[in-house]
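Reader: Please take me through the labels used here. For each one, tell me what it rests on.

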Amino acid sequence: MSAPKRQDTRKLFENLSGTGKSIAVLTSGGDAQGMNAAVRAVVRMGIYVGAKVYFIHEGYQGMVDGGENIQEASWESVSSMLQVGGTVIGSARCKAFRERDGRLRAACNLVQRNITNLCVIGGDGSLTGANLFREEWSGLLDELLRQGTISEEAAQGNSTLHIVGMVGSIDNDFCGTDMTIGTDSALHRIIEVVDAIMTTAQSHQRTFVLEVMGRHCGYLALVSALACGADWVFFPEMPPEDGWEDDMCQKLSENRADKKRLNIIIVAEGAIDRQNKSITPDYIKDLVVRNLGLDTRVTILGHVQRGGTPSAFDRILASRMGVEAVLALLEASPGTPACVVSLVGNQAVRLPLMECVQMTQEVQKAMDEKKFEDAVKLRGRSFENNLTTYKILCNRKADSELPHSSFNVAVLNVGAPAAGMNAAVRSAVRVGITQGHKMFAVSDGFEGFYKGQIKEIKWGDVGGWTGQGGSLLGTKRTLPGKHLEKIAEQMKIHNINALLVIGGFEAFESVLQLFEARGHFEEFCVPLCVLPATISNNVPGTDLSLGADTSLNALVETCDRIKQSASGTKRRVFIIETMGGYCGYLATVGGLAAGADTVYIYEEPFDIRDLQGNVEHLTQKMKTTIQRGLVLRNENCNVNFTTDFIYQLYTEEGRGVFDCRKNILGHMQQGGAPSPFDRNFGTKVAAKAVQWITKTLKESYKGGRVFADSEDSACLLGMRRRAMVFQPVAQLKDETDFEHRIPKEQWWLKLRPLMKILAKYKTSYDVSDSGQLEHVGSFRRAKEGDAMAAI
């Protein structure tokens, strides 16, 4: 269980009051899925702290026009927004706001309502406009005062305008944040289409050219190419070398010779060649048909990418950013520069708005000057790593070109299946082969290991694995402890020099057992690496496990459907049981993304009084216009307060006020195709793990053999706040509650108060991590050591 921080070191947001303050929220520029979740979070957090919150409809146009476009928001007015794509309050391009006269009218409309805190959700153009508005504010007020439009009292009472931005853009084209609101959902739309196209392409042995959005930024093209294993990708930051036409045709031809039945080519709408000439899907199609005679089709995804329901990631990101934005406005002083709230790794940070805008503009400048390598670097380490990983995985070298290492590396899955395992295995195998190793696949985990189910796995054997759910290698929960002798024997027979174990808590336990058995079996004195992969996200040493995102999306999608079923019946409460063992991650984060009223987990003990309080809270809610409730219960949260007990209690106590239904989601949370996040997370962490294995093998190769017996040669690769870190499993032992199979401290418990606040519960919220305005320079330096923060 998470140890509480000492009271004197905590900064509690109860000390931040919004009384007497007015906050306005607007969405501007292109719409993006998740904007509504951000608006909802701003409104509810603002009301929670006692501020007045206003919607500004139709973006800056609504601010200029005033009138009914600026309306006070209520708690109920943002209900049912969480799962809706686009922006409910509207967005518009506004020419009037670009002129000083338009900004003067906007200032007048804000002053009339005493609005001096503005939360802007949009792209770099929208945020730049907001900053200019802030800089001109005192001058605009002086002019309004001279005109007699506002009083002296109004000018003094509204003398400072505070601006906080959130980046809503599906292109992920803003420097200073790992992910912008809407990007993950857009990737979901792209991958859904690619997965569907792949089945028809395979049937007819076709080549498909897909155009995705990204006029100035190739993030969507690059990451979707990585997620689906595309044969070729075009995007503006890195145009292909001259003569690319012949290279691409040769690659497609080689793939067909390897009995691959389809080809996928992904093109960003802003793709160019080295002469700055546009590369269009039709040009590529004509080229392939003319040179190779392949049956080729073009699909332009267009605005499909902007549509649909937001992914779980975007809802959580937007909700966290919305709450952080309100905190930033409450803490702002007259000298505080306009800031953007961003995501770095797993942490919310604040960065000066104009520093981020200038960095974003530098990328375009580098591209205009044909400094393409600089443009890629300016996009950030995550973008650079995406490109490097794609090149390794999709550009197969001839055997004669590969280095020869003479090392044998085995890969296996352990524990329950998790989406993304196959993407990780594919990546590990191909990176290993690229580095000269001979790669071995172990079927059925350690059970298959001691039975000798070990065989060499080649480049082509893992083709098409990225989008496959479950575990194609097969996985079992069997731990190696009872079979150490047989496993050591198999390692000797196959001359295994390193092990990559991909799995959940059992994978961590397994490597720990092998490490502790090194004194008895020299065969285990080799590099050992764990990649956490479990929907429960209960592995120590990492904030996030492979597979958790896919499971979260399955859970949230189901909750959306269940909530929708109540729209006709009214006054209904749903009690839903989630998986996760003793770890409440899935229930808590799923509850935040689905808009749950209450979430019961093991880590936060509760009693009958809490249950009674929750029922009373729902009874009060039924008196409002929001006449439905959602309660999530982790499967092992309490041995006595079972799902049936809670269902019966709510049914009895809510009699005459609401009725209840219960759902046990079960193994549907483990199935399905991996999400784009898990495909890329698995791909990149596996590549990093194999690079670590290669380095450790070289360091431990002495006297003609590998011998690694130090603590740091048996590691787990996990995400810790802002960085990917290799941590010795022996050290993680002390951080683990083995009885309940969870880490002793879990970062996501900090999200629980946020979830309760958005459900209108009074609670304490530790904001010790908030409030530090950082600079893009320090942010970029921090990222230099980070191979993968978010996709």
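Author: Helices (H or I, at least four residues) and strands (E, at least two) are DSSP runs, numbered from the N terminus. By that numbering, Cys525 sits in the loop between α17 and β17 (528-532). The model is predicted, so local features need pLDDT of at least 70 and side-chain atom pairs 80 or more, while totals for chains, interfaces and linings use all residues. Residues are numbered from 1 along each chain as its sequence is written, and side-chain values use heavy atoms, with hydrogens and water left out.

Reader: Why is Cys525 called buried?

Author: Buried means under 20% relative accessible area, exposed over 50%, and partly exposed in between (1.4 Å probe, protein chains only). Cys525 has a relative accessible area of 3%, so Cys525 is buried.

Reader: Which residues does Cys525 touch, leaving out those up to four places away in sequence?

Author: Contact means heavy atoms within 4.5 Å. With residues up to four places away in sequence not counted, Cys525 touches Arg518, Val706, Phe707, Ala708 and Asp709. Asn636 is another matter: 111 residues along the chain from Cys525, with 37 Å between the two C-alpha atoms.

Reader: What makes a set of residues a nonpolar core?

Author: The members are buried Ala, Val, Leu, Ile, Met, Phe, Trp, Tyr and Cys residues, joined through side-chain atoms within 4.5 Å. The largest such core has 195 residues, and Met166, Ile266 and Leu500 touch the most other members. Helix α10 (residues 312-331) gives the most to this core, 13 residues. Apart from it lies another core of 41 residues, including Leu26, Leu140, Ile150 and Val344.

Reader: What does Leu500 touch, beyond residues up to four places away in sequence?

Author: Among its contacts are Ala410, Val411, Leu412, Ala428 and Cys529. Leu531, Ala689, Val690 and Ile693 are also on the list for Leu500.

Reader: Why is the pair of Phe505 and Phe508 called edge-to-face?

Author: Rings of Phe, Tyr and Trp (its six-membered ring) pair if their centres lie within 6.5 Å; planes under 30 degrees apart count as stacked, over 60 as edge-to-face and the rest as tilted. The centres of Phe505 and Phe508 are 5.8 Å apart and the planes stand at 70°, so the pair is edge-to-face. By this rule there are 21 aromatic pairs.

Reader: Where do Phe505 and Phe508 lie, and how many residues apart?

Author: Both are in helix α17 (residues 505-516), three residues apart, about one turn of the helix. An α-helix has 3.6 residues a turn, so residues three or four places apart point the same way. Phe505, at 1% relative accessible area, is buried. Phe508, at 0%, counts as buried.

Reader: What makes Trp692 and Phe726 a stacked pair?

Author: The ring centres of Trp692 and Phe726 are 5.2 Å apart and the planes are at 15°, so the pair is stacked. This pair links distant parts of the chain: Trp692 is in helix α22 (residues 676-700) and Phe726 in strand β25 (residues 723-728), 34 residues apart.

Reader: How does the reach of helix α6 (residues 183-204) sit against the expected value?

Author: The expected span of a helix is 1.5 Å times one less than its number of residues. Helix α6 has 22 residues and reaches 32 Å from its first C-alpha to its last, close to the 32 Å expected. Gln205 follows α6, with a positive phi near 55°.

Reader: Which strands pair with strand β18 (residues 572-578)?

Author: Two strands pair if DSSP finds at least two bridges between them. Seven bridges join β18 to strand β20 (residues 628-634), in the parallel sense. Glu577 stands opposite Arg633 in β20. Strand β21 (residues 659-664) runs parallel to β18, with six bridges. The bridge partner of Phe574 in β21 is Arg661.

Reader: What makes β18 mostly covered?

Author: Seven of the seven residues in β18 are buried. Arg572, Phe574, Ile576 and Thr578 point one way, and Val573, Ile575 and Glu577 the other way.
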